[in-house]
Each structure stands twice: as structure tokens, then as C-alpha cells.
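Please look over the sequence and the model below before reading on. The text after them is meant for someone new to this structure.

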Amino acid sequence: MDALKASTFQPFHFAVNSTTLPPIQFHKPNSPFPSKPLPFSPLRTTHSKAARFKLFTAISPDVWAEAETEGASREEKFDWYAQWYPVMPLCDLDKRRPHGKRILGIDVVVWWDRNEGEWKVMDDACPHRLAPLSEGRIDQWGRLQCVYHGWCFSGSGDCKFIPQAPRDGPPIHTSKRACVAVYPSCVQNDILWFWPNSDPLYKDIFMKKKPVYIPELDDPSFTKSMIARDIPYGYEVLIENLMDPAHVHYAHHGIMRIPPTPESLKADREGGKPLEISLMQLDVNGFTGKQLFGGNIFAAPCVYYGYYTPGPSTTSQSTSSPKATEEKPSNAKVKRAFLVFYCVPVSPGNSRLIFASPRNFAVWIDKVVPRWMFHIGQNLILDSDLYLLHVEEHKLKEIGPYNWHKSCFVPTKADTLVVAFRRWLNKYAGGQVDWRGKFSGALPQTPPREQLMDRYWSHTVKCSSCNAAYKSLSVLEVALQVISIASIGIVAAAKRGLMSVATRNTLIAMAVLCFLASRWLSHFTYKTFRFHDYDHAFR
């Protein structure tokens, strides 16, 4: 059961046996984080000359007013284009074909360069007529080929072949105008990352600054199953929602395994309760928060993570006798499960979530149970508040990012991390994602509900496990229908006396069962891989 609990999103209200959150590790050289991590945080403090940070909780709107009095120097401004961004987990990237992705409004093509043995991230536009290279193919020489006119490119972005150019003419394919911009990229924690600046000055940026590193994702004693999904609401709302533990009891009622609320605190069926959350540190690189039994880290701009220990909380353990505590073996393995969220800004009103929940117990389950079965529950959780957040984003857009604190009433400590994120966003990051003029700022219109909550294009076709399962189950559905029809046909064609009554009844029963099984399977595949609506009124 512990393994199943760890396979779905847990509320960030951890019950842990330690008051110190293990820091995210960053590689040197020239890392922007200190070699000695601060308590509960790996984030460095860049504003040593600024006003000293004051602990606060979201107990009243005055918190925001206090935050607005603290200015940020120009050196502290967050640069959206000087960061690493996760593209996709390697498990969902097919080396046989190019993949089109959008990050920070930049359209890129991701493909495996077998000549250099590494993934490449390039502009998704052929310099000839700007056709998307992601719709192309990898040719027999391992080059990226544009399928519009056949131009071919190497992993360095150089054009290697123009079919329309005379063979005995000048080498026009060597022109700089025939090249494709290549972005710095790297693989870390089995995730492909890219740096959103193709200037040659950043070619070796990986040696100076590396992405956030989560050691548990590379630890063989932990599981590392991942899910990636495109979300029809923006980056800001996505992160806010993940930082809000109070919504879990209500928005995800009935589909998430939540520790029961003590009767002394339980005031309704869902079990919402007061939460003690405080902010420990905030600077240009993010912030850290502390809850009663744990903590969380936001490493700007994409990573939000924390951990919990399944089993009795420290509150219940404190009531046990000291003797029982002393008798516990010192080398006993402590169960730990992490929640790691990578939140990627795609475009206004769109984002991408990459989620991993590494754990060091019941590891065998992930080796037996296919990944797509874990995705069923994870997608349902994402769908259960998707429409709410989409509508909420449109309302927040009307009031503007700098008026958030005036329109939203956040009087309790449960909203501390949400307030902290808005404070970081407004103080350091310009109030919103810097799209550099690529968009007008307007949000996409709300599509029909079935299109808004679509799973097929937002996840299934992009997930290697779910896509394979969907195709296999679709084949099985057709096979069951064929067996059903064939059985009826055999019964109808058989002459009297050539088939016993028992055989006839068996074929008829098999036909009915196969037909019913095919209908159930059709319903299951549709709800699992295409569209699953969520009605809160009857939960």
C-alpha cells in the first residue's frame, strides 16, 4: 500500500521523521549555489546588502504589503533566458524520429544524432522556407531531413545537402544562411534539458552552470518512473496549484490517498484542517518553506520538490515509550518517497508538467507494473482540477499579475507558499514569464470541455508506455469483436445435427462475452487514454 500511495501525487503536508530537508545538489564549477547549504534550502542569498529577510506566514494580507516594501536591485533580477529548462524524460523520446516541443514560446526540434551519440535541440524551422523540421525524418546517414524539400542537417546545425543544388555548382549548402540554430542541451536525471540561447557564447554553458540535480533520481535503490503532460493553463497557475496542499482534500476528493484528519480537527466530510506553513528563505533563485513535519523547495524557475516518510508521523511516535525508540535498530532502512515537479512554461495559457516520485521501498512494483498503469491515477488527479484552474487563470489575467494580492483573499497559513511564489514572481521575475514579445499576452479561448481535458494529444501519443498500451488494447478490442462475430457466424452456418447443443450454447456464450468485453474495453481505453470528465458534485 505504501508503494501505491507514493505512485500518485501526495499533498505537500508531509509526515517526516526529520526536521531537515535534504538539499538539492548542484554541480560545480561556478554554481550559483553555495557549497554549504542553508537549513532547508539549497538556494544562495544574492542580496547580502539588501534588507534582511523577515520570516512571515500568510496569516493576513499585510504580509504582501510587507513584501512590497523590499526592493530588488538590478543584479537580483531573474533572467528567464539564463536558465536550464527540462524538455522531456528520455523514456518518452524515440531515437528513430524527431520531436517538436515548445518552451518559453520557442519552437524546437529534438532528435537523436547517432553520429555524435547525443540528443540535439535545434530551431524547429528549416532555413529554406521555414517548414517545421519536427515533421521530418532521420535519413540513412543519421542526418535530420526536412521532408518539404529534402534539405539535410547535421547535429551542429550545418546544412549537409540541398537536393535542388547543381552537383557541379558552388557549395551553396555551406552558406551560414543554410544553417539551423542549435541550443545547448544536456541530459541529467534521465531528463533532456536545454538552454534557451543559441548564441555560440553559451556553447559550453554546461561547464559553468548545470541544471538542478536530484540525486535520488539516479540512485538505483529508488524508483524513477516519470510522467509528462501538456497542461492547458499557464506556468504560474501550475506551480501555485502544486504549492497549495489545502486544495487536495476538496479538488481531489475520493481519488487521492490522504492521511485521515484527526476527529478533533475534522469539520467536514473531506477533512480540511488548519496547516502550519512558514517561509524560511526567499531570494532571486527561489525559496524554501517549512511545514510542521517537513519542507519544500522551489528552485526557480522550474523545480519544486519535497519528500515525506510513509508510516506513523512524528506526532504519533512521540507518544511511544523511550524504550521502544531505543530498541529500534540504528541501521533500519527508513522509507522515503520524494515528490519532484518540473514545471515548464510553454506559452501563455499553456505549460508542461514532468512529475517523478522516487521511493526506496517496494521498488519491485515498478519493475512488474507497467508505467501506463500508474499514469491512470496521475492523469485523473490532473484532470480533477484542470477545468477549475483554466477558468481561474482567465480571471487572474483580467486583474493583472501585480493586483493579485488585492483581488485574492489569502488569510490563512495554508496559502503561505502560494503567496511566496507570487512575491518571488513580482519582486524578481517581472510579475510573469518573459515571452520577449512573442505573444500579445492574451490567453487562448476556452475550448469545449472534451477538447480542454483531452488526454490523447496532451499525453498518450507522447508517452511511450501509454501509446503502446493504447495501441495494444485497441487491437485486443477489435480481436474480441471478430471472435464474437465469428462465433455467431459459425453457429448460424452450422447445419442441424452437425453441432451439439452444448457446443452451440458455448459458442453463443463466448460471442456474448467477447462482445461485452469489447464494449467494456472500448469504454476503458477511451476514459484512460482519450478523455475522462470529472464531476465534483457527485464525489
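The paragraphs below take up a sheet, the nonpolar cores and one histidine.

The model is a predicted one. One place to begin is an open sheet of four strands, which are ordered 2-3-4-9 and pair in the antiparallel sense. Strand 2 (99-103) and strand 9 (182-183) form the edges, each pairing on one side only. Within the sheet, six bridges join strand 3 (residues 106-113) to strand 4 (residues 118-123), and this pairing is antiparallel. Opposite glutamate 118 in strand 4 stands aspartate 113. In general, the strands of a sheet are paired through hydrogen bonds of the backbone, in a parallel or an antiparallel way.

Next come the nonpolar cores. The largest of them has 89 residues, and Trp80, Phe287, Phe298 and Trp424 have the most contacts inside it. Leaving out residues up to four places away in sequence, tryptophan 424 touches a set of residues that includes Phe78, Trp80, Tyr235, Leu282, Phe287, Phe298 and Ala429.

The last stop is histidine 247, located in the loop that runs between helix 3 (235-242) and helix 4 (248-251). Is histidine 247 buried or exposed? Its relative accessible area is 15%, and because buried means under 20%, histidine 247 counts as buried. Neighbours within four places in sequence aside, histidine 247 is in contact with Asn241, His252 and Asp385. With asparagine 241 there is a polar contact between the two side chains, at 3.2 Å.

Note on methods: Residues are numbered from 1 along each chain as its sequence is written. This is a predicted model: local features need pLDDT of at least 70, side-chain atom pairs count only at pLDDT 80 or more; totals for chains, interfaces and linings use all residues. Side-chain values use heavy atoms; hydrogens and water are left out. Two strands pair if DSSP finds at least two bridges between them. Helices (H or I, at least four residues) and strands (E, at least two) are DSSP runs, numbered from the N terminus. A nonpolar core is a set of buried Ala, Val, Leu, Ile, Met, Phe, Trp, Tyr and Cys residues joined through side-chain atoms within 4.5 Å. Buried means under 20% relative accessible area, exposed over 50%, partly exposed in between (1.4 Å probe, protein chains only). Contact means heavy atoms within 4.5 Å. A polar contact is a pair of N or O atoms within 3.5 Å; within protein, one must be able to donate a hydrogen and the other to accept it, and residues adjacent in sequence count only if both atoms are side-chain atoms.
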